[in-house]
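Biologist: Before we discuss this model, could you set out the terms as they come up, and then take my questions one at a time?

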Amino acid sequence: MSFILEHLSWIWQFAAPFVVVLGVVVLFHEFGHYLVAKGLGVTVEVFSVGFGPRIFGWRRGGTDYRVSWVPLGGYVKLKGETPEEVTGTPDPGDLMSRSRFQRFLVFVMGAVFNLITAYVLTVVILMIGIPEPIYPSQPPIVGEILPESPASASGIQPMDRIVSIGGQPVHTWREMEWAILLSPGQTKEVVVERGAERLTRQLQIEPDKRNGVGIIPFGPATGVLISDPQPGRPAAKAGLRTGDRIVSIDGVEMTTINKVVKTIQASPGKSLHFVIERDGKRTDMDITPVRDGEKGVIGFNPRPPMIIRKYAVVDAIGGSFRRNFENASLVFLTLKKLFIGEMSLRSFSGPIGLYLASGVSAQEGLSHFLDFIAFVSLQLGIINLFPIPPLDGGHIMTLMIEGVIRRDLSVRVKDRVMQAGLVLLLLFMATVIFLDISKLFPR
């Protein structure tokens with residue numbers, strides 16, 4: 001009870017973004033089914049925004065367009081979409097009256113619309129511009145190593161450049177992060193450049209007990225900028241401005257945010273000598289952190305150098321394809337590692353994880369929120385094509401089998417397969433939700 005009361009504000013704050021995310025990805029998915037069904041003359045009985053009891057709506061062309069009470073996506077109900085709904089000869093408006101190829105188009109178009117949604121949103125994002133740190137697209141140069149971590153024990157040092165992990169070349173910090181995140185509990189051969197030398201180290205990648213992914217045991221050499229100096233605090237009094245770069249403190253180069261924070265927190269009441277860079281010029285100043293509990297603070301938000309990447313229309317069209325292809329590849333790689341036992345189900349997120357991630361992405365700004373919706377839509381499109389009943393992919397697989405054997409499977413067989421698939425999906429979702437809850441209450 002105390003946990004719920006303590007976090008009640010963000011529980012309500014995250015509700016609206018969660019509803020928007022589900023609304024966009026589910027409604028566009030259902031709109032794909034609706035559009036093709038209408039085009040083929042199939043009767044669409046219901047197109048509902050939301051689930052549950054009907055609030056209001058209108059009827060047109062044989063379809064009940066409605067808004068329902070539970071605002072978590074929506075659904076489309078087609079007439080005669082399963083064999084058990086049809087007795088005798090199917091009506092012209094029944095889905096079952098259409099050819100297998102036409103039914104295939106109806107089932108597949110939901111996932112296709114999810115992929116189109118992801119693609120179009122990414123084009124828009126690239127044209128608007130998305131603020132992001134510079135370091136993920138830069139070479140993976142180690143800035144700081146976690147104390148007593150496997151990286152420290154392996155002999156990896158600050159300013160080493162990571163060349164490859166497990167034989168896989170890594171050219172950017174983002175590529176290096178994914179190589180480690182997707183290899184929990186494994187020991188990987190890491191090649192580093194140190195000066196003119198190339199050295200090989202063995203890195204044991206520890207799994208995160210909370211979510212099952214690999215723990216990255218070092219941080220990037222990002223550089224540290226001043227952001228939002230607080231009025232009346234030492235940083236503002238010393239004249240620090242947003243965008244100033246902290247070069248060094250007491251003669252020690254400041255390459256990571258963690259190093260800056262630790263240095264300041266460890267020095268309450270002690271004067272520190274800062275070297276600050278502004279517009280290409282360096283300035284020396286002494287700043288004394290004030291005591292806040294047991295730690296020192298000077299009153300600003302440290303951040304890495306950022307860039308807003310904007311693309312012209314043509315570049316955005318190509319960039320969206322590349323970005324979605326990379327994201328889709330990560331989805332398949334994650335599923336492969338889960339299947340062969342290199343990752344656990346803890347690395348997956350269910351409804352609770354989606355709820356939290358929706359709220360966090362919304363707080364980061366419009367571009368980040370749209371980017372998150374695009375990624376969720378891409379995942380939904382891919383997963384919905386898996387040949388597992390009652391997913392669309394399960395229906396498509398049934399149609400393909402019937403096409404090969406040149407006859408319809410019996411209603412009884414289809415029912416048994418659908419029930420088995422539904423049980424498996426419910427068990428999977430129950431497990432993922434349980435793990436979502438366990439992440440909220442780590443031991």
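Modeller: Two strands are taken as paired if DSSP finds at least two bridges between them, and the elements themselves are DSSP runs numbered from the N terminus, with helices being H or I over at least four residues and strands being E over at least two. This is a predicted model, in which local features need pLDDT of at least 70 and side-chain atom pairs count only at pLDDT 80 or more, while totals for chains, interfaces and linings use all residues. Residues are numbered from 1 along each chain as its sequence is written, and side-chain values use heavy atoms, with hydrogens and water left out.

Biologist: In what order do the strands of the open sheet of four strands lie?

Modeller: The pairing within this open sheet is antiparallel, and its order is β6-β5-β7-β8. Because β6 (168-169) and β8 (197-204) each have a single partner strand, one side of each is left without a neighbour in the sheet. Helix α6 (residues 173-181) packs on the sheet and touches β5, β6 and β8, contact meaning heavy atoms within 4.5 Å. The order asked for is β6-β5-β7-β8.

Biologist: What angle does the direction of helix α6 make with that of β5?

Modeller: Axes are lines fitted to C-alpha atoms, for helices over the stretch in contact, and angles run from 0 to 180 degrees between N-to-C directions. On that basis, the angle between α6 and β5 is about 45 degrees.

Biologist: How many bridges join β7 to β8?

Modeller: Strand β7 (residues 187-194) is joined to β5 (residues 161-165) by four bridges in the antiparallel sense, with S164 opposite V191. Towards β8, V190 has R201 as its bridge partner, and the hairpin of β7 and β8 has two residues between the strands, with G195 at a positive phi near 65 degrees. The antiparallel bridges joining β7 to β8 number eight.

Biologist: Which residue in the turn of the β13 and β14 hairpin has a positive phi?

Modeller: Strands β13 (residues 272-278) and β14 (residues 281-287) pair in the antiparallel sense over seven bridges, and V275 has D284 as its bridge partner. Two residues lie between these strands, and the one with phi near 55 degrees is a residue other than glycine. That residue is D279.

Biologist: Which helix gives the most to the lining of the second largest pocket?

Modeller: A pocket is found on a 1 Å grid over the protein atoms alone, as an open set of points where a 1.4 Å probe fits, with protein on both sides within 12 Å along at least five of seven lines, and lining residues have an atom within 4 Å of a point. This pocket holds about 420 Å³, and of its 24 lining residues the closest to the centre are G394, H395, T398, K414 and M418. At least two lining residues come from each of α4 (100-128), α12 (392-405) and α13 (411-440). With seven residues, the helix that gives the most is α12.

Biologist: How far apart in sequence are the parts that the pair of Y34 and Y65 ties together?

Modeller: Rings of Phe, Tyr and Trp (its six-membered ring) pair if their centres lie within 6.5 Å, and planes under 30 degrees apart count as stacked, over 60 as edge-to-face and the rest as tilted. Y34 and Y65 are edge-to-face, at 6.1 Å centre to centre with 75 degrees between the planes. Since Y34 lies in helix α3 (residues 15-39) and Y65 in strand β2 (residues 63-78), the pair ties together parts that are apart in sequence by 31 residues.

How values were computed:
Grid points are joined across faces, edges and corners, and a volume is the space filled by probe spheres set on the points.
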